[in-house]
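Hi everyone, thanks for making time today.

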Amino acid sequence: MSREPQILACSGVLYPPEGFRHVGVQIWQAMRLAEVRRPKVCLVATAVGDSREYIDGWKARAATFGADLSHLQLFTQPNVADVRAHLLAQDVIFVSGGSVVNLLAVWRAHRLDEILRECWENGVVLAGQSAGSLCWHRGGVTDSFGDELDALDDGLGFLPFSNGVHDDLGEQPRRSSFRRFVREGKLPAGYATEDGVALHYVGTRLHDVVSVLPDRNAWFVEAGEETALPARPWVP
């Protein structure tokens, strides 16, 4: 596999607008980055406790884009005999939203942190939404402990930035909390995404900002300063 290391870190669309027709398109975006006619795509749904309902729904959406689909289940034990071999054989690994704190704890217990880094370095496209976006960064804002939000500072750190997801969510103070944590030094400078927006990294460099919704932004946030990064629409 000759691809450069790539990550697609997404804010999913929590509240689709009326007439929204692009459910699952961030899966398609990750598949396109693999540049394979029929990619092998594995879902990792640890953050939702390997919910069968979630896995079945995800596979139904992903199947419409044409791929060989699988999933890695860790509860109550791995569903594949050789986790490392299975993941290294994929073109795309897509991580669900949910609890990033629980995800990281379970992954580390199963040494997935080491395996996923190896996959990334070998050209497997890593992607995910919400928790599946935060996990690749050094840290971010999480509601894993409660809706008041906390700073997570022990992400996998493949990317040397912090990450804020659902930056325009009105029911939680994600936008202000992310900026405050960066300002206070609890998180390093990093990127926030509004719903439907994804950060495409090549290596550890931000290469592109894409969205399944119009007129959306990502933001680069430093202590006391932020810069809007308008997202490029990218849908089938």
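Let's begin with a network of salt bridges that links Asp 167, Arg 175, Arg 179 and Glu 226. One thing to keep in mind as we look at it: this is a predicted model.

Within that group, let me pick out one pair. Glu 226 and Arg 175 form a salt bridge, and their closest N and O atoms are 2.8 Å apart. Glu 226 sits in strand β13, residues 225-230, while Arg 175 belongs to helix α7, so this pair ties together parts that are 51 residues apart in sequence. How accessible are the two partners? Glu 226 is partly exposed, with a relative accessible area of 32%. Arg 175 is partly exposed as well, and its value is 31%.

How many salt bridges does the whole structure have? A search finds 16. Let me show you another of them, between the side chains of Arg 216 and Asp 168, with an N to O distance of 3.2 Å. This pair also links distant parts of the chain, 48 residues apart. Arg 216 is in the loop between β11 (205-211) and β12 (217-222), and Asp 168 is in the loop between β8 (162-164) and α7 (174-183). Arg 216 counts as partly exposed at 23% relative accessibility, and Asp 168 counts as partly exposed at 34%.

One more salt bridge before we move on. Arg 180 pairs with Glu 184, and here the closest N and O atoms are 3.9 Å apart. Arg 180 is partly exposed at 30%, and Glu 184 is partly exposed at 42%.

Now, on to the cysteines. How many disulfides are there in the whole structure? The search finds 0. Take Cys 119 as an example. For reference, a disulfide needs the two sulfur atoms within 2.5 Å. Cys 135 is in no disulfide either, with the nearest cysteine sulfur, that of Cys 10, 11 Å away. And are these two cysteines buried or exposed? Cys 119 has 0% relative accessibility and counts as buried. Cys 135 also has 0% and counts as buried.

Next, please find Gln 26, in helix α1, which covers residues 25-34. Is Gln 26 buried or exposed? Its relative accessibility is 3%, so Gln 26 counts as buried. What does it touch? Leaving aside residues up to four places away in sequence, the contacts of Gln 26 include Leu 8, Cys 10, Phe 94, Gly 196 and Val 212. Gly 12 is also a contact, and although Gly 12 and Gln 26 are 14 residues apart in sequence, their C-alpha atoms are 7.8 Å apart in space. The side chain of Gln 26 has polar partners too. It reaches the backbone oxygen of Ser 11 at 3.1 Å, and a polar contact of 2.7 Å joins it to the side chain of Gln 129.

My last stop is the backbone. As background, most residues other than glycine have a negative phi, and most peptide bonds are trans. With that in mind, here are some spots to look at.

Which peptide bond is cis? The one from Phe 75 to Thr 76, where omega is near -5 degrees. You can find Thr 76 in the loop between β3 (68-72) and α3 (83-88).

Then there is Glu 35, which is not a glycine but has a positive phi of about 55 degrees. Glu 35 lies in the loop between α1 and β2 (40-44), and at 71% relative accessibility it counts as exposed.

Asp 50 is not a glycine either, and its phi is positive, at about 55 degrees. Where is Asp 50? Look in the loop between β2 and α2 (52-63). Asp 50 counts as buried, at 8% relative accessibility, whereas Glu 35 counts as exposed.

Conventions: Residues numbered from 1 in each chain as written. Predicted model: local features only at pLDDT ≥ 70, side-chain atom pairs only at ≥ 80, totals over all residues. Heavy atoms only, no water. Buried < 20%, exposed > 50% of the residue type's maximum accessible area, 1.4 Å probe, protein only. Helix = DSSP H or I, 4+ residues; strand = E, 2+ residues; numbered from the N terminus. Contact = heavy atoms within 4.5 Å. Polar contact = N/O pair within 3.5 Å; in protein donor to acceptor, adjacent residues only side chain to side chain. Salt bridge = Lys/Arg side-chain N within 4 Å of Asp/Glu carboxyl O.
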